[in-house]
Amino acid sequence: MTARSVSITFAGSGGAGVMTAGSMLLDAAGHAGWYAYMTRSSGAQIRGGEAAAMLRLSTAPVQSHDDHYDLLVAIDWQNVGRFSAEVPMTADGLVLGDPDGGEFPEQILAKGTRRADIPFKKIAKEIDGGRPNMIALGAVAALIGLPEEAVLKVVKDSLAKKGPAALAASEASVRAGAAFAASLPPSKRLAAATGGERQRLWSITGNEAAGLGAVRGGVRFVAAYPITPGTEVLEWLAPNLAKLGGALVQAEDELASVNQIIGASYGGTTSLTATSGPGLALMTESIGLAVASETPITIVNVMRGGPSTGIPVKSEQSDLNIALYGLHGDAPHLVVAPNSLADCAFSTQWAVHLADTLQTAAVVLSDQSLGQSRATIAPPADPGLRANRLRPEGELGDERYRRYRNTTSGVSPMAVPGMKGYQYTADGLEHTEVGTPSSQASDHSTQLDKRLRKLTAHDYGKYWADIDGEGEGDIAVITWGSTTGPVQEALERWRAAGKQGRMVSIRLLSPVRPEQLAAALEGVSRVLVVEQSHGAQFHRYLRAHYDLPGSVRAFHRPGPLPIRPDEIFRQLADWS
């Protein structure tokens with residue numbers, strides 16, 4: 001059966017190579033002209049445990065997984081049953097497992113799907129240096145109609161550096177898996193892709209895209225402490241910053257990292273750090289220092305399940321409250337949320353630009369689902385947004401430099417240390433226009449107003465949100481971040497059923513844009529709010545800051561289970 005998309009899961013114990021097989025299948029799909037999207041799931045162990053690579057291949061761009069999986073391939077069954085809830089399947093699906101890899105878990109059998117045996121280990125033993133994961137890769141490629149030459153090209157590109165023996169063994173394993181697939185029950189097959197797509201697709205993760213956006217925006221210094229799932233931002237930036245004359249420092253902890261980027265930014269270098277929820281919690285005091293001293297910094301926060309250590313390897317949108325409200329005192333700052341894997345590049349670049357332009361702190365709220373997912377996408381366009389800090393010009397003469405001058409825009413020129421006559425005090429104390437510490441009510445009110453005004457008065461243009469179906473129907477879905485993809489697909493199905501509706505995915509979470517949202521919701525009488533958090537944080541945020549029209553419903557749940565398109569579609573159908 002030829003289909004528009006096919007969903008596959010490779011599963012097995014840690015070290016079985018399921019991530020390698022998944023990544024190679026994704027890249028091979030890109031070479032064949034297909035779009036692909038892959039997330040990964042694993043236990044919280046540092047090493048070992050269970051692992052799964054979950055893919056969706058399609059003839060059109062995809063931003064989320066489908067409602068169920070068509071093919072589950074278990075290289076072995078060690079703890080794979082723990083993924084049962086994350087791998088929904090139907091009776092039309094197919095489960096492949098090695099009869100020597102352990103018993104099929106009851107949780108998998110209970111799904112009622114078709115099953116078949118494939119002796120990965122036995123076939124591998126017949127090949128000198130054979131690898132079960134490469135056999136699985138070849139079998140899956142043959143089942144779904146992926147050309148073998150595309151798979152072998154990726155294998156060669158990936159493994160050539162390991163030497164001719166390793167490469168030959170993997171190629172033989174791929175061919176052996178493809179040959180065995182002829183004896184397996186049929187599975188969904190994708191239609192052949194057009195050749196025009198083949199040269200323009202990138203294979204990239206959301207974390208890599210965020211790094212790309214950072215350097216495009218002008219970041220040249222990064223200080224950070226590794227933390228799952230944000231570490232890959234740093235791993236991508238380290239070599240690429242060096243190529244541009246920049247530098248990355250691994251600090252001793254998150255407190256040191258945020259203070260280092262504040263210092264670098266004060267010295268005139270556009271700076272960034274990347275972290276996840278526990279690290280963001282540690283940084284909040286110093287982020288307040290950046291706000292008070294009007295020193296631009298950008299923090300990429302790749303959210304994970306919480307609280308505390310929580311679930312480091314699973315996704316959740318539950319850092320919204322701390323990103324918006326976690327700073328001491330009245331501390332207006334920017335919060336920007338990418339709404340797709342590709343948008344991680346734009347949103348990070350935009351945040352860097354805004355932080356420098358408005359001289360404040362910007363938090364980019366990505367999450368594990370966006371950050372650690374890999375996809376084949378069209379290369380993200382460069383919008384040309386750059387860090388462009390307002391600098392003082394000319395000689396001061398007898399006038400004293402007023403670093404925090406109460407300007408109409410709220411933005412005042414920021415000197416670089418060493419500029420003659422432009423010395424000033426920059427710390428966390430409230431201050432006068434020249435930076436002298438002050439506890440006077442008039443100075444406090446003036447500076448509070450200034451720091452708020454520069455954010456609320458700025459023109460953010462069309463970037464504040466992505467709107468799909470503008471002016472269409474009387475029902476709207478409001479969402480943000482990684483839930484945007486399933487919402488868009490649900491609305492496609494809604495329209496295919498003859499209905500009308502629109503989506504508003506808010507990219508600029510702070511400062512709020514009530515006038516813009518009111519215009520986007522004109523004519524709407526029903527609003528569905530979709531998010532991935534236990535406490536409905538986004539729904540409560542909307543209720544606090546916006547006047548939503550008509551009847552409002554919230555559809556929310558915590559991680560680690562993703563929200564799927566059919567669940568949103570059913571929410572809309574139940575309301576019609």
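# Report on Selected Helices, Sheets and Residues

In the strand pairing described here, Glu 531 stands opposite His 556 of strand β22. Six bridges join β21 to β22, and the two strands run parallel. Two strands are said to pair if DSSP finds at least two bridges between them. Helices (H or I, at least four residues) and strands (E, at least two) are DSSP runs, numbered from the N terminus.

The model is predicted: local features need pLDDT of at least 70, side-chain atom pairs count only at pLDDT 80 or more, and totals for chains, interfaces and linings use all residues. Residues are numbered from 1 along each chain as its sequence is written, and side-chain values use heavy atoms, with hydrogens and water left out.

## The five-stranded sheet

Strands β21 and β22 belong to an open sheet of five strands in the order β17-β19-β18-β21-β22, with mixed pairing. The edge strands are β17 (465-468) and β22 (551-556), each of which pairs on one side only. From one strand to the next, the twist averages 20 degrees. Angles run from 0 to 180 degrees between N-to-C directions, and axes are lines fitted to C-alpha atoms, for helices over the stretch in contact.

Strand β18 (residues 475-479) is mostly covered, as five of its five residues are buried. Buried means under 20% relative accessible area, exposed means over 50%, and partly exposed lies in between (1.4 Å probe, protein chains only). Ile 475, Val 477 and Thr 479 point one way from β18, while Ala 476 and Ile 478 point the other way. The strand β18 runs parallel to β21 (residues 526-531), to which four bridges join it; Ile 475 has Arg 526 of β21 as its bridge partner. With β19 (residues 502-506), β18 also pairs in the parallel sense over four bridges, and Ile 478 has Val 504 of β19 as its bridge partner.

Helix α15 (residues 484-496) lies across β17, β18, β19 and β21 and runs at about 170 degrees to β19. Contact means heavy atoms within 4.5 Å.

## The seven-stranded sheet

A second open sheet has seven strands in the order β11-β10-β12-β13-β15-β14-β20, and its pairing is mixed. Strands β11 (247-250) and β20 (508-510) stand at the edges with a single partner strand each, so one side of each is left without a neighbour in the sheet. The twist averages 20 degrees from one strand to the next. Strand β14 (residues 334-336) pairs with β20 in the antiparallel sense over two bridges, and Val 336 has Leu 508 of β20 as its bridge partner. Helix α8 (residues 231-243) packs on this sheet and touches β10 (221-224), β11, β12 (271-275) and β13 (297-303). The direction of α8 makes about 135 degrees with that of β11.

The expected span of a helix is 1.5 Å times one less than its number of residues. The table sets two helices against this value.

| Helix | Number of residues | Expected span | Span between end C-alpha atoms |
|---|---|---|---|
| α12 | 16 residues | 22 Å | 22 Å |

Helix α4 is mostly covered, with 11 of its 13 residues buried; among them are Asn 133, Met 134 and Ile 144. Just after α4, Gly 145 takes a positive phi of about 90 degrees, and α12 is followed by Gln 359, whose phi is positive, near 50 degrees.

The axes of α7 (residues 206-217) and α12 (residues 343-358) come within 7 Å and cross at roughly 35 degrees. The residues of this contact divide into six nonpolar, five polar and one charged. Here Ala, Val, Leu, Ile, Met, Phe, Trp, Tyr, Cys and Pro count as nonpolar, Asp, Glu, Lys and Arg as charged, and the others, Gly among them, as polar.

## Two buried residues

Thr 360 lies in the loop between α12 and β15 (361-367) and is buried, with a relative accessible area of 1%. Beyond four places in sequence, Thr 360 touches residues including Val 291, His 333 and Lys 454.

Arg 374, in strand β16 (residues 374-377), is buried with a relative accessible area of 19%. The C-alpha atoms of Arg 374 and Thr 39 are separated by 6.5 Å, although the two are 335 residues apart along the chain.
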